[in-house]
Amino acid sequence: MKKKLSDYDFPADLADMDERALELLSYQIRDFLISSVSKTGGHLASNLGVVELSIALHKVFQTPKDRIVWDVGHQTYVHKILTGRASRFDKLRRDGGLSGFPKREESPHDHCDTGHGSTSISVAMGMAEARDIEGGDYSVVAVIGDGALTGGLAYEGLNNAGARKANLIVVLNDNEMSIAENTGSISRHLSRLRASKTYLGLKKNLKRALHEIPFVGVRLYSGAEHIRKALKDLSSLSDGIFDDMGFRYFGPVDGNNIRDLTYMLSAAKQIDGPVLIHAVTKKGKGYRNAEINPEKFHGIGPFDPATGRELCGGEGRSYSNIFGGRLTDMAARDKRVVAITAAMPYATGLSGFAERHPERMFDVGIAEAHAVSFAAGLALNGLRPFIAIYSTFLQRAYDQILIDICLQKLPVVFCIDRAGNVGHDGETHHGIFDISYLRHMPNMTVMAPMDGRELEEMLEFSLRLSAPCAIRYPRGNAPSAPGVKSKRKRAPLNLGVSERLLSGDAVEIWGVGKMLGVGEKVRGILKKRGVSCGLVNARFVKPLDEEALLKAAAAGKYILTLEDNVSAGGFGESVVALLNRNGFASAKISTVAWPDEFIGQGNVNSLMKQYGMDAESIAERLCALFERTT
Ligand SMILES: Cc1ncc(C[n+]2csc(CCOP(=O)(O)OP(=O)(O)O)c2C)c(N)n1
């Protein structure tokens, strides 16, 4: 009977496996990935593409002694299987389960916690320099995708490593895709390299040389002279960029061929100085649905493996979709409106915009900092840029927002998607810092809609505002507004003015964005206990509706603030400061926000419960406090 993946003693068992056995293993891993991710959801297409690459890496390099640094880290499922974690895939990305990214606390084979793009070369270079200072004897490998190579940080790493002649191997995993189709001139350069006729000729020679050597015992043949020679020939095909940056460039090699990869990696291991191996892989390989639509299967929820259809779409429209739809209409009316994405046109809801206004749609690659400075240039010349970026990735562009946009009061709108806790992607992806990193920026306005209709109103408002502005909205579908019957007239948006949704005497609940849903439940629970609560939609995190807040404090009401952001520098803290500044130092106020720690992965509702941010826990605490202070 075929051995289960969890029955192997990986990575040790790889040492004795010959080429055929490894090939069979690659089939088994693919079947396992498809079946397993179809149940849990996760990053499927990228992992299917790196099955052979991961096997070859673990065949040639001995982790944990050798170090492998994976860029972004979403493609480490095979690496996890090959380092003894197959049995834990049933809880991939779940509460307390296996992480979807490398985690040092999970395994000694994970050398760096990651989740954001383009960092691997810098981190690996640091490890290589540290090794040399300590006199260590191990290899350091960075694995970076062509998408992540669009990020400026990758070039800072290449630039530094090339100049320092660091002993470092960079494997470029080129599948022609970022999440969407890759963009930019480096991507065009890579396709020229892939298609190079000279390369194809040389490749034959290389293959012949490689295939003359028996496969087993990679380390034995790695010193073989004719491999070195073949590789030398290949590397003499200067590719321009990498060569000029001080790297020995080898490739392109078929990144889905274990044999070619194994030889290439073994030879690279022998070479002094920085080496870049250009491996060409197929994203989604081996699962037709993912090969045809790698973007959909980049990150997917549970799906039916037979049809590829996702199992839970949910009701209604997502915030991203509402955003994209309204911005497309606004651009039809106003020729100044332009849209910018950093490699995520589909995920941020901008596909429709790209189709309708291709000349005003910019996908700049994984380059959030560039996106913001680029927007400054557009705005300085009279356009109205809307930048759609996930909250967690916008962190990359803090300085550009502050100096390039806010200092000059430029009319750039930050459409901050996935704001708040995002659930299964965990620590690196929760968007719970944006209120804190934007609130203190002079000239910035920060808004949060409580439903889809308000998101549309805020988009229109931001265009009229003509100043730096951020609109934060969460992952998932927009709810119907709390306490608002669908036809009821809503108060129009005015800068820095909140909206009272429901009235009450004793407590005033101030919710930011989606937390109003929680606020409404808290109100219901407290009502049953005889405590009457008002519900206020803050609308603006900055400027605060000072008048309304001070009025509530002056009336002796207990104020409860709710936000899906960390407490430090958040909305609640700004309300406390306001009350303090105005002589309400002993005001009765309670703030609900994420604590000063990294929040793990899991179901959003479970995490909220775990941290006491669900309606029941809040109501319980509030009752106790309320009784004590009244
Ligand atoms: C700074 C940052 N911006 C955006 C993302 C979202 N993201 C995750 S993977 C990915 C595409 C990466 O493409 P590539 O490196 O080619 O890897 P592939 O998935 O194609 O294997 C993007 C844009 C991120 N992780 N980090």
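## A salt bridge in a loop

In this predicted model, the side chains of Arg-85 and Glu-106 meet in a salt bridge, with 2.8 Å from N to O. A salt bridge here is a side-chain nitrogen of Lys or Arg within 4 Å of a carboxyl oxygen of Asp or Glu. The pair links distant parts of the chain, 21 residues apart: both Arg-85 and Glu-106 are in the loop between helix H4 (77–81) and helix H5 (120–134). Helices (H or I, at least four residues) and strands (E, at least two) are DSSP runs, numbered from the N terminus. By the salt-bridge rule, the count comes to 33.

Residues are numbered from 1 along each chain as its sequence is written, and side-chain values use heavy atoms, with hydrogens and water left out. Because the model is predicted, local features need pLDDT of at least 70 and side-chain atom pairs count only at pLDDT 80 or more, while totals for chains, interfaces and linings use all residues.

## Domains and their interface

The domain assignment, which is automatic or from a database, gives domain 1 (42–292), domain 2 (319–472) and domain 3 (499–629). The contact (heavy atoms within 4.5 Å) takes 21 residues from domain 1 and 17 residues from domain 2.

About 1,400 Å² is buried between domain 1 and domain 2, and carbon and sulfur atoms give 53% of this area. Buried area is the accessible area (1.4 Å probe) that two parts lose on being put together, summed over both. In domain 1, the residues that lose the most area to domain 2 are Arg-93, His-116 and Thr-183, together 37% of what that side buries.

Asp-425 and Arg-93 meet through their side chains in a salt bridge of 2.6 Å, N to O. The place of Arg-93 is in the loop between H4 and H5, and its phi is near 65°, a positive value in a residue other than glycine.

## An aromatic pair

The structure holds 14 aromatic pairs. Rings of Phe, Tyr and Trp (its six-membered ring) pair if their centres lie within 6.5 Å; planes under 30 degrees apart count as stacked, over 60 as edge-to-face and the rest as tilted. Tyr-287 and Phe-303 form a tilted pair, 6.0 Å centre to centre with 35° between the planes. Tyr-287 lies in the loop between strand E5 (275–280) and helix H13 (288–292) and Phe-303 in the loop between H13 and helix H14 (319–333), so the pair ties together parts that are 16 residues apart in sequence.

## Cis peptide bonds

The peptide bond from Phe-10 to Pro-11 is cis, with omega near 5°; Pro-11 lies in the segment before helix H1 (19–40). The bond from Lys-542 to Pro-543 is also cis, with omega near -5°. Pro-543 lies in the loop between strand E15 (540–542) and helix H22 (546–554).
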